[in-house]
Amino acid sequence: MGDIIGNYDILGAFWVTIQLSVLSALGSLVIGTVLAVFRVSPVRVLRALGAFYVNVLRNTPLTLLMVFSILGMSIILGLQLSQDQARDSYWWAVIMLSVYHAAFVCEAIRSGVNTIPAGQAEAARSIGLTFGQSMREVLLPQAFRGAIAPLGSTLIALIKNTTVAAVILGTAEAAGLLAQITENEGASLPTFFLFALGFVILTLPIGLAVTSLSRRLAVKR
Amino acid sequence: MSSDSVLFDAPGPRARLRHSVLTVIGVLLVVAGGWIVYRKMSEAGQLDPALWTPFVTDPAVWTEYLLPGFWETLKAAAASVVLAGVYGLVFGMGRLSHVRAVRWVSGVVVEFFRSVPVLLMMVFLFFGYFATATWLPNQYAPMAAVVVGLTLYNGSVIAELVRSGVHSLPAGQAEAGLSIGLSPSQTLRSIQLPQALRAMLPALVGQLVVVLKDTALGTVVLYPELLTAAKTLGSAYANTLQAYIVAAAVFVLVNYALTVLAGRVERWLGRRGRSAGTPRSAAVPSDTVPTAEATSSSAR
């Protein structure tokens with residue numbers, strides 16, 4: 001066990017996990033918000049575009065997206081993001097994680113919007129608020145509060161899904177490193193629990209924070 | 001579109017003009033996106049008909065590669081779903097047990113397997129045990145790793161569904177069972193569980209999508225499922241890009257059909273009337289009632 005920690009860069013692998021999580025969380029939040037705006041907009045073309053994106057990306061395995069990015073986009077279509085092959089894979093992993101989870105972020109935000117009863121918007125309008133005011137003061141705060149819980153579970157899923165990047169990053173990433181260690185040193189339960197613990201440490205605080213936040217901010221109806 | 005009526009007024013003349021402008025912008029966006037894809041593909045020579053026609057003209061593409069791969073995907077998914085159902089029921093009941101130790105142990109097991117990435121379990125099981133096991137014929141090692149990994153994770157999710165399903169039943173159901181003289185475990189088995197299982201049916205169908213998608217992780221442990229099959233096909237016919245696109249289309253179609261089915265089941269259950277067994281969806285926060293929408297939108 002001590003040898004394993006000494007010989008393999010476990011902390012480095014988890015550092016990659018954290019980098020991938022933060023970068024793709026930001027990326028998916030941006031893309032997902034734009035998609036959510038599309039999906040609730042009054043324009044039919046934009047709604048259809050948003051729905052198409054969500055239905056396709058949500059139903060495609062992330063593993064396939066990862067493999068496709070390197071073999072398809074980078075090698076065959078020549079869309080290299082960096083001269084260095086490892087950096088290229090890294091940035092493609094970030095893009096694919098963002099693009100995949102954006103579909104779930106979009107659905108989380110949309111479900112937040114859908115929790116608002118129609119009466120809220122009607123009441124805002126009948127006391128004379130303009131469209132912008134009713135959005136800012138009445139609707140969006142409620143939508144945001146309703147979206148906290150699903151956004152939180154999407155973030156947790158994203159952190160766990162960064163392991164899928166091992167398909168293209170190899171041993172630079174936690175799951176790839178665990179595969180290599182297990183293959184070289186044989187099955188060692190303590191090593192597995194060490195890796196598992198890493199993910200529990202990364203996800204547990206988020207889960208607790210989201211639960212208490214969504215409870216504290218829940219809209220009383 | 002329900003959000004439509006919530007957020008926006010009926011459009012007046014100016015709003016209608018704005019909408020038409022946005023429509024034009026949307027169409028332009030779609031066209032521009034399509035054009036970029038077209039340009040990139042044709043620059044790389046990927047639109048050459050010779051790369052695409054095998055999918056229509058050569059039956060071997062399907063009979064030798066894609067269909068056997070899809071069959072392996074279905075096999076692993078079906079085995080995992082059945083086992084995960086059993087596991088989920090056992091540990092879900094464990095979490096509802098009135099014996100504190102049972103409740104505690106089930107809670108720890110379920111929470112642990114829910115928070116560990118499936119791929120981590122798969123590679124550890126495969127490289128650590130199944131690939132080197134003497135009791136397991138070598139060709140079954142990848143499938144064993146895939147099925148056990150998926151069962152542990154999805155079973156834990158189902159255990160949580162069972163628990164939240166039972167908790168969302170009206171308290172009167174359990175009280176009625178206890179007051180006619182049933183023991184707590186009899187009440188759970190013959191009164192609460194049947195109703196909870198019915199209410200979580202849509203969520204279970206939604207979970208199928210997750211299982212089916214996650215079988216693709218099997219490619220890491222050399223399981224010959226659809227994604228691996230697409231890879232082999234791509235090298236045999238020198239059309240890697242096209243093989244992946246077709247495999248993705250198969251995944252999307254099957255999973256989309258399952259999502260639609262989950263929605264149908266939910267509506268069908270809703271139509272059968274609000275009997276005592278229907279959860280009080282109005283009274284409980286939406287995250288405790290498992291719905292198809294909630295599950296199919298979980299990223300795993």
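User: What kind of model is it, and how is it numbered?

Analyst: This is a predicted model, so local features need pLDDT of at least 70 and side-chain atom pairs count only at pLDDT 80 or more, while totals for chains, interfaces and linings use all residues. Residues are numbered from 1 along each chain as its sequence is written, and chains are lettered from A and ligands numbered from 1 in the order in which they are written.

User: How many helices and strands are in chain A?

Analyst: Chain A has 10 helices and 0 strands. Helices (H or I, at least four residues) and strands (E, at least two) are DSSP runs, numbered from the N terminus. The C-alpha trace of chain A spans about 70 × 45 × 25 Å along its principal axes.

User: How much of chain A is buried?

Analyst: Of its 221 residues, 48% count as buried. A residue is buried if 20 or more other C-beta atoms lie within 10 Å of its own, exposed if 12 or fewer, and partly exposed in between, with C-beta atoms placed from the backbone.

User: Now the interface. How many residues of chain A are in contact with chain B?

Analyst: 62 residues of chain A are in contact with 53 residues of chain B. Two residues are in contact if their C-beta atoms, placed from the backbone, lie within 7 Å.

User: Which helix gives the most to the side of chain A that touches chain B?

Analyst: H7(A) does, with 9 residues. The residues on that side of chain A divide into 39 nonpolar, 17 polar and 6 charged. Ala, Val, Leu, Ile, Met, Phe, Trp, Tyr, Cys and Pro count as nonpolar, Asp, Glu, Lys and Arg as charged, and the others, Gly among them, as polar.

User: Where does H10(A) bend?

Analyst: At A:Thr203, by about 30°, and a proline, A:Pro205, follows within four residues. The bend at a residue is the angle between axes fitted to the seven residues ending there and the seven starting there. A:Thr203 is also one of the buried residues of H10(A), which include A:Phe192, A:Phe195 and A:Phe199.

User: What do the buried residues of H10(A) pack against?

Analyst: In chain A they pack against H1, H2, H7 and H9, and in chain B against helix H6 (100-115) and helix H7 (118-130).

User: And where does H5(B) bend?

Analyst: H5(B) bends by about 35° at B:Leu66, and B:Pro68, a proline, follows within four residues. Its 37 residues should span 54 Å at 1.5 Å a residue, and the end C-alpha atoms are 51 Å apart, which agrees. The expected span of a helix is 1.5 Å times one less than its number of residues.

User: Which residues of the largest nonpolar core touch the most other members?

Analyst: A:Ala93, B:Met122 and B:Val123, in a core of 136 residues. H5(A) gives the most to this core, with 16 residues. A nonpolar core is a set of buried Ala, Val, Leu, Ile, Met, Phe, Trp, Tyr and Cys residues joined through C-beta atoms within 7 Å.

User: Is A:Ala103 buried or exposed?

Analyst: A:Ala103, in helix H5 of chain A, is buried, because 25 other C-beta atoms lie within 10 Å. Leaving aside neighbours within four places in sequence, A:Ala103 is in contact with A:Tyr53, A:Val54, A:Leu57 and A:Arg58.
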